[in-house]
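These are my notebook entries on one protein chain.

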Amino acid sequence: MNTIEPNIEEIDPRLDNAHWSDVLVQALPYFKHWVGKVVVVKYGGNAMLNADLKKHVMEDIVLLNTIGIHVVLVHGGGPEINNMLGRVGKESKFINGLRYTDAETMEIVQMVLTGKLNKDIVALLLENGGKAVGLSGVDSGLLKAVKIQKDGQDLGFVGEVTEVNPEILESLLEQNFIPVVSTVALGCDGDNVRYNINADTAAAKIAVALHAEKFVQLTNVPGVLKDVHDPKSLIQRIHIGDVEKYIDEGIIAGGMIPKIECCMLARNGGVPRTHIIDGRVPHSLLIEMFSDRGIGTMIY
């Protein structure tokens, strides 16, 4: 029989047995609460680029799955797409923050997201002892989309999700698999057109369709800050009714606005808890799920 021995060198000497037991006792009510619930995690940013952070995220998700929490992992891949476009001599072009996606770019987006990154993430989950299955929004018609325009400008094959068919995800979750979703969607008109979908928005809509208990975005910032230059100015809780005020005051600005909008989309769709947390912090997902202190900003 295989046994797992603790690595003594990794145990923090500042924590004695009383501290360890206190941590476990604090976590126990959260374990009980989350077992059997669905949690949708949007995975991207530095947490996808740094090897150590990748490992921590995979460990967190496998642990959640092992104790009976149903995790759906939705991933982006912007930096990797940029890198591949550069390798083939194609310039990345953005319009109002969205990637312009012509036919050639769409082929590369699909290749990178569904052919490489998705399978790399699945392999990492398997390596850490999880049960994972990779799929895209095209599989089983999971995501349907229509072409969008931003402020009257043509973005090419960029789509907006109009329909989520969660049956394939529900089936996988019932079998204790971790679905890993890349956000390439099928067009609604039946002509086999594929669309590049914003992963944050897709994750929020998947959370709504699955009646998830929690929607978490792993980002490259601590959360919403009163002062962007001071990490200690983190706002831990924002009522959905106060979002417009924070936008007007300039506290929620720039790239944080669409992330907050995705949280509001999920919350208005019935997801009770939505969070923006710092994916650069090792095991930030476990801290959010199983501790009194939490991490990041919750939109409630």
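Entry 1. I took helices to be DSSP runs of at least four residues, numbered from the N terminus. The model I examined is predicted.

Entry 2. I turned to the "binding site" feature, which an unreviewed UniProt entry places at Gly77, Gly78, Arg99 and Asn196. These positions span 120 residues in sequence, yet no two of their C-alpha atoms are more than 11.9 Å apart, so they gather at one spot.

Entry 3. I located Gly78 in helix H4. Is Gly78 buried, exposed or partly exposed? Its relative accessible area is 27%, and I therefore recorded Gly78 as partly exposed, since buried means under 20% and exposed over 50%.

Entry 4. I found Gly77 in the loop between strand E2 (70-75) and helix H4 (78-87). Gly77 counts as buried because its relative accessibility is 9%. Leaving aside neighbours within four places in sequence, I noted that Gly77 is in contact with Leu113 and Leu117.

Entry 5. I then checked the length of helix H9 (residues 256-268). At 1.5 Å a residue, its 13 residues should span 18 Å, and the end C-alpha atoms are 18 Å apart, which agrees.

Entry 6. Which residues of H9 are buried? I listed Met256, Lys259, Ile260, Cys262, Cys263, Met264 and Ala266. The buried residues of H9 pack against several elements, including helix H7 (199-209), strand E11 (214-219) and helix H8 (243-248). Strand E15 (273-278) and strand E16 (297-299) are also among them.

Entry 7. Just after H9, I noted that Gly270 takes a positive phi of about 110°.

How values were computed:
Residues are numbered from 1 along each chain as its sequence is written. This is a predicted model: local features need pLDDT of at least 70, side-chain atom pairs count only at pLDDT 80 or more; totals for chains, interfaces and linings use all residues. Side-chain values use heavy atoms; hydrogens and water are left out. Helices (H or I, at least four residues) and strands (E, at least two) are DSSP runs, numbered from the N terminus. The expected span of a helix is 1.5 Å times one less than its number of residues. Buried means under 20% relative accessible area, exposed over 50%, partly exposed in between (1.4 Å probe, protein chains only). Contact means heavy atoms within 4.5 Å. UniProt positions are given in the numbering used here, feature names are shortened, and annotations may be inferred rather than shown by experiment.
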